[in-house]
Amino acid sequence: MNLLEHQGKFLLARAGLRVPQGKVVSTVAEAADAAATIGCPVVCKAQVPTGKRGKAGAVQLVSSPEEASDFAERLFGSQVGGFDVVELIVEEAADIDREFYAAVLDDPSSKGPLVLFSTEGGMDIEEVNEKTPELVHRVAVDVRAGLDDEGAAALLAGTDLDEAGKASVGSALVNLYALYRDCDTSLVEVNPLVLTKDGSVVALDAKVTIDPGSVPRQAALLNELPGGPPAEQGTDLEGRGRDLGLQFIELDGDVGVLANGAGLTMTSLDVVSHFGGSAANFLEIGGDAYTKATPALELVLSNPRVKSLLVNFCGAFARTDVMTEGVVNAIEELKPTLPIAFTIHGTGEDEAIALVRERLGVEPYDLMDDAVRAAVQAASEAMTEPTS
Ligand code: GDP
Ligand code: MN
């Protein structure tokens with residue numbers, strides 16, 4: 001769950017970082033008022049849960065309330081990064097000396113938090129990482145020890161900051177780490193974290209992502225956020241999936257995928273691309289397959305791009321015949337007309353295969369590769385068929 005910038009800054013401020021004074025506004029008149037109250041120059045920014053707003057023209061330094069209202073006039077009702085702009089923040093402009101990049105995130109390779117810092121902030125950090133990786137300093141943190149002043153100092157040792165700079169940036173990093181830990185975030189990113197001309201370290205932007213699995217546990221925190229918990233993001237179908245308690249992500253391909261377990265589902269998506277196809281969704285059903293197969297299949301078929309279906313089950317503790325029975329029931333109920341390729345392995349596979357064969361009259365594939373190839377080919381043939 002991605003927080004809006006102003007919500008992220010609320011958490012940063014609470015964790016002891018400095019953020020600019022600002023106001024959230026939702027009308028043109030409020031934008032002009034806020035600019036007058038705060039005192040120009042101010043920075044106006046669209047509040048949408050996405051980055052690269054600067055490049056999209058959604059961040060502007062303005063020098064009068066009239067300019068703030070012109071900017072607001074232009075932004076309200078428009079879209080930035082696919083999101084409607086309904087709020088802006090108007091905040092005091094910082095007198096920037098240097099712009100840095102700082103982040104704490106879940107690192108798959110060290111299986112723990114990773115703290116990143118670069119003196120090359122403000123711009124595209126991916127580009128910095130690609131062209132000059134030596135300028136991105138990183139440290140994997142042992143969660144039992146956390147990040148203290150010494151850890152932060154070690155991270156900053158290779159930078160060109162002076163002693164005062166290292167101390168104040170170091171303490172910002174320690175606070176950032178504490179926020180990451182206390183709020184169950186998977187990412188806290190400040191780009192830019194700036195050093196102002198008078199020597200203070202200020203967070204000018206905030207990207208905070210709460211780990212989706214922790215959303216129920218962090219309910220109190222989310223309710224405390226200015227503006228309340230962020231609206232659920234995603235497509236209408238994804239919203240329906242959430243309401244059903246299913247992890248459903250809509251993708252832009254045409255092969256519908258039903259698989260059990262996140263790992264096998266990801267693998268199925270990869271194998272679909274390997275054979276030149278493109279998956280229409282991520283949907284993990286697994287243990288829920290028996291009870292949730294019908295709504296799950298309905299969800300997959302509601303995507304108008306879906307031209308074929310791949311059902312890939314693999315069971316160890318989970319019985320594939322139970323999952324398969326759920327899906328066979330769903331298919332009998334919904335009667336989809338598109339081609340379906342099954343591949344089933346593991347506990348209960350003989351019973352599962354017999355079920356598919358007898359009740360649907362379909363022969364499951366012995367090899368996953370063959371099933372995926374068939375589903376990809378069926379989708380591509382459907383694409384080339386003339387539509388009436
Ligand atoms: P993003 O493009 O969505 O990441 O939006 P940011 O909030 O990071 O703003 C983009 C850029 O605008 C920053 O990298 C800064 O260079 C600039 N900017 C943001 N706030 C201020 C400010 O208070 N003063 C000045 N001079 N520039 C700012
Ligand atoms: Mn930014």
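1. Start with the pocket. In this predicted model, ligand 1 takes up the space of the largest pocket.

2. Look next at what surrounds the ligand. The shell around ligand 1 holds 16 residues. The closest are Lys45, Arg53, Gly54, Ala94 and Asp205. Three strands each supply at least two residues of this shell: β2 (42–46), β7 (96–107) and β10 (185–196).

3. Now the polar contacts of the ligand. A polar backbone atom of Gly54 lies 2.7 Å from an oxygen atom of ligand 1. Gly54 is also listed among the closest residues. For Lys52, the distance from a polar backbone atom to an oxygen atom of ligand 1 is 3.3 Å. A side chain takes part as well: an N or O atom of Glu99 is 3.1 Å from an oxygen atom of the ligand. As for cover, ligand 1 on its own has 560 Å² of accessible area, and the protein covers 80% of it.

4. A separate point concerns helix α8, which spans residues 236–243. Which residues of α8 are buried? They are Leu237, Glu238, Gly239 and Gly241.

5. What do the buried residues of α8 pack against? Their partners are β13 (247–250) and α10 (289–302). In the model, then, one strand and one helix receive these residues.

6. Gly245 follows α8. Its phi is positive, near 75°.

Technical notes: Residues are numbered from 1 along each chain as its sequence is written. Chains are lettered from A and ligands numbered from 1 in the order in which they are written. This is a predicted model: local features need pLDDT of at least 70, side-chain atom pairs count only at pLDDT 80 or more; totals for chains, interfaces and linings use all residues. Side-chain values use heavy atoms; hydrogens and water are left out. Buried means under 20% relative accessible area, exposed over 50%, partly exposed in between (1.4 Å probe, protein chains only). Helices (H or I, at least four residues) and strands (E, at least two) are DSSP runs, numbered from the N terminus. Contact means heavy atoms within 4.5 Å. A residue is near a molecule or strand if one of its heavy atoms lies within 4 Å of it. A polar contact is a pair of N or O atoms within 3.5 Å; within protein, one must be able to donate a hydrogen and the other to accept it, and residues adjacent in sequence count only if both atoms are side-chain atoms. Accessible areas come from the Shrake-Rupley method with a 1.4 Å probe; for residues, only the protein chains shown count as cover. On a 1 Å grid over the protein atoms alone, a cavity is a set of points where a 1.4 Å probe fits but cannot get out, and a pocket is an open set with protein on both sides within 12 Å along at least five of seven lines; lining residues have an atom within 4 Å of a point. A molecule sits in a cavity or pocket if more than half of its atoms lie within 2 Å of its grid points.
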